[in-house]
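Welcome to this guided tour. Please have your viewer ready, and select along as you read.

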Protein chains: 2
Amino acid sequence: MSLDHDPAQTPGNDTLGQKIDAANQTALERMTSARPVLKSVAIARDVIPALQERRLLHAGPPIDWPRMSGPMRGAVIGAAIFEGWAKDAESAEAMAKSGEIDFAPCHHHQTVGPMAGVTSPSMAVYVVENETHGNLAYSNLNEGYGKVLRYGAYSSEVLDRLRWMNQTMAPLVRKALESSGGLDVRTLLAEALHMGDEGHNRNKAGSLLMLKALAPGLTASGAEPADISETLAFIGDTALSVLNPVMAACKAMADVAHGIEHCTLVSTMARNGTDFGIRISGLGDRWFTAPAATPDGLYFTGFSADDANPDIGDSTITETAGIGAFAMAAAPAIVSFVSGSPQDALHSTLEMYEITVGEHPHFTIPPLDFRGSPVGIDVRKVVELGITPRVNTGIAHREAGIGQVGAGLVRPPMEIFEQALTAFAELHDIG
Amino acid sequence: MSLDHDPAQTPGNDTLGQKIDAANQTALERMTSARPVLKSVAIARDVIPALQERRLLHAGPPIDWPRMSGPMRGAVIGAAIFEGWAKDAESAEAMAKSGEIDFAPCHHHQTVGPMAGVTSPSMAVYVVENETHGNLAYSNLNEGYGKVLRYGAYSSEVLDRLRWMNQTMAPLVRKALESSGGLDVRTLLAEALHMGDEGHNRNKAGSLLMLKALAPGLTASGAEPADISETLAFIGDTALSVLNPVMAACKAMADVAHGIEHCTLVSTMARNGTDFGIRISGLGDRWFTAPAATPDGLYFTGFSADDANPDIGDSTITETAGIGAFAMAAAPAIVSFVSGSPQDALHSTLEMYEITVGEHPHFTIPPLDFRGSPVGIDVRKVVELGITPRVNTGIAHREAGIGQVGAGLVRPPMEIFEQALTAFAELHDIG
């Protein structure tokens, strides 16, 4: 095995093995020393140049309308109406089908979005800056529960909420963030992992920590008390409020580990509802994709696995950065939402140490004696051990316009890691 | 053993053993079915008749000035100045010494207070109602960290904060509570135990849940934005904000388990900084006391065990009601504050199952597969097994005027349980 991470076992190729190990350590150090700070809220087109055109960003690897799943199509329809490009679902669908709307992955534009991840030019986005390395990342605002765009719903209730978020909530949150100098998301996550969150599907504590950070500044903003009150209630009542800034923070951390020569770490994992895709730090911007699996999980009353869309969303950026299912041992209570037992939650984290190259110096797990969470997925280890990364996720209805039907557990297809390892071997002339 | 809880082993006295078991089950059912709701904030004298005189309530069993410890004396001095009874520490001390101030335990007046627990007529108090059984309980407001009255500090900084709490914070919190119909503390605690709190020394999540519940109503109260902002910051920045309403909630739960004939459950555990005292449900209002131990724990920089006062405070009402050290398995991160390892935290809860008669139906512990927390301390089991209840606690400096020096773990003296069991045997003519 010429790519083996133990030089002692690879007498003929020590040099490449050592280069890989060194590159992986560099990437790990960069990812774990990144300090993402939530700085502001902006309108997407003002900070993401790609959105100065009639384009929508979406979750996962590249995809065009014909191959998009139901929830992704639903979110595209909703965004086209929200933007005023289309007056109804029919005309929105016609535009999308005819190529009048351009599509690009969020990940190509320093952006991530949960579930469909559809981000349109007028939408408010969180602005996260990695203060260690200076790079920026963006994510849209969390819409709460029920009928929401990210799960493919696009009724007037969904669009009205998006408008309220843009017009009322976003300017207030921006004021509160700018008056406080920003919110250190790494510190928030470190604290939340000690409060039973894993940072992906369970963000109860983190969302309350965000509420705590924003509340005094919101109140002192001089805005209408009714608007402030409504905003505080919305943030407080949504236990996923902080998911979106956390995802942007993870993107800011993962991005600085990308593009390092000889590095075999996974720098992107994302799903568009049709395909699961990964990118490898040392393999540039090439995606390795295969059909996404359908999560195993618990369904809301009235729904079953028959309703489930395959895995969707950029939220796997959390697992990429060492939280989510990788830190599930910190969040035993999550099993009542995603299925399994507290022991399974412990095992989720323990298994992920097998395929990672480090332990996070900032994200520690109390039930594991404050051991750092497993971070830095090594594609070599995934293939060698036959262990794919674990992912906690929400489950969308497979049809456009419906919404969330449950939450559960999923893994990416092994073949994308095999493809990536083969590509790495080819790049380095190993046959 | 004629008091034995296993009738099979007590052929000659089945009747009493069965009566005890039945009484204990009644007490347990009452304690665990109580639903304490934080309803309002009031001025102590308006809701606690005993405070219509020149009297101070204090933590723990009865005690007079000569036997009071340093932190208790410091809190008395501060309260006397706060009330305007004395102009400085010297005159306050003279008044207390001369008998011009009456003292009574909080516990005698449906009240509990952390550490010194000193509650004076003008102070704002939380009003908790047990909606299942209709009884009320009170607790003062948490002062946050640093120099605080409850740890025996009484500088102008301490008194100014108390005045701000009374004049600004209390009316706002009352408005928010009354506009929302109250805050269900049992539900809050159940959620907080799934978020890494144990409800006594670690109330990070619970305090944020309280912030979340109060923030929208506070903001819509029509008060000055600066006052609202300051109140939100104060509640959010104090990770013990909810401790006081939680204690009042536990008092409301424990009180309905008190006064049941033949019941051997502990219905009160409290310390005044000199003595540790307990009361037993079936033994009326009699206290069983012995010198309080000094906690083992971690000290703040510059302090050591030499500075520590013996155990103090009514906050052991949390352990009495089945949380705190009894639910420590839910709070592995607490060990960085009180000492020990996450494994010790698990063992704390597991050991407490040995001396309790039930598992709480509402307070469940995720790392123990959602097992209910141990609740209902049976004095028979404590004596028979030689296992005293565990307590998590703050540590006060032994001198008046200084404040908190650390946090740690402590147990009540075994002899008070032996005294109580002897008294129970005497009452029932068993010798």
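The domain bounds used on this tour come from an automatic or database domain assignment. Keep in mind, too, that this is a predicted model.

**Stop 1: the domains of chain A**

Select chain A and colour it by domain: domain 1 takes in residues 7–33 + 260–427, and domain 2 covers 36–247. The centres of these two domains, taken over C-alpha atoms, are 23 Å apart. Now look at where the two domains of chain A meet. Here 50 residues of domain 1 are in contact with 46 residues of domain 2. On the domain 1 side of this contact, you will find 22 nonpolar, 21 polar and seven charged residues.

**Stop 2: two copies and their axis**

Next, show chain A and chain B together. A rotation of 180°, with 0.0 Å of shift along its axis, places chain A on chain B with an RMSD of 0.0 Å. The two copies are therefore related as by a two-fold rotation axis. Which residue of chain A comes closest to the rotation axis? Select M195(A), whose C-alpha lies 2.3 Å from that axis.

**Stop 3: where the chains touch**

Stay with both chains and select the contact between them. Chain A brings 27 residues to this contact, and chain B brings 27 residues as well. On the side of chain A that touches chain B, α7 (204–219) and α8 (225–237) each supply at least two residues. The largest share on that side comes from α7(A), with nine residues. Sorted by class, the chain A side holds 18 nonpolar, six polar and three charged residues. Why can we say that the copies meet through the same surface? Because 100% of the interface residues of chain A are also interface residues in chain B.

**Stop 4: a pair of helices across the contact**

Zoom in on α8(A) and on helix α7 of chain B, residues 204–219. Their axes lie 8 Å apart, and the helices pack at an angle of about 170°. Since angles over 145 degrees count as roughly antiparallel, α8(A) is roughly antiparallel to α7(B). To see the residues that meet, select P225(A), I228(A), S229(A), L232(A), A233(A) and G236(A) in α8(A), then K212(B), A215(B), P216(B) and T219(B) in α7(B). This helix pair brings together six nonpolar residues, three polar ones and one charged one.

**Stop 5: A325(B)**

Move on to chain B and select A325(B), which sits in the loop between α10 (317–320) and α11 (335–338). Is A325(B) buried or exposed? A325(B) is buried, because 30 other C-beta atoms lie within 10 Å, and 20 or more are enough to count as buried. Leaving aside neighbours within four places in sequence, A325(B) is in contact with H200(B), E319(B), S348(B), R390(B), V391(B) and N392(B).

**Stop 6: R73(B)**

R73(B) is buried, as 24 other C-beta atoms lie within 10 Å. Not counting residues up to four places away in sequence, R73(B) touches M68(B) and A400(B). Then draw a line from R73(B) to Q419(B): these residues are 346 apart in sequence and 28 Å apart in space, C-alpha to C-alpha.

Conventions: Residues are numbered from 1 along each chain as its sequence is written. Chains are lettered from A and ligands numbered from 1 in the order in which they are written. This is a predicted model: local features need pLDDT of at least 70, side-chain atom pairs count only at pLDDT 80 or more; totals for chains, interfaces and linings use all residues. Two residues are in contact if their C-beta atoms, placed from the backbone, lie within 7 Å. Helices (H or I, at least four residues) and strands (E, at least two) are DSSP runs, numbered from the N terminus. Ala, Val, Leu, Ile, Met, Phe, Trp, Tyr, Cys and Pro count as nonpolar, Asp, Glu, Lys and Arg as charged, and the others, Gly among them, as polar. A residue is buried if 20 or more other C-beta atoms lie within 10 Å of its own, exposed if 12 or fewer, and partly exposed in between; C-beta atoms are placed from the backbone. Axes are lines fitted to C-alpha atoms, for helices over the stretch in contact, and angles run from 0 to 180 degrees between N-to-C directions. Angles under 35 degrees count as roughly parallel, over 145 as roughly antiparallel, 65 to 115 as roughly perpendicular and the rest as oblique. Copies are superposed by least squares on the C-alpha atoms of residues with pLDDT of at least 70 in both.
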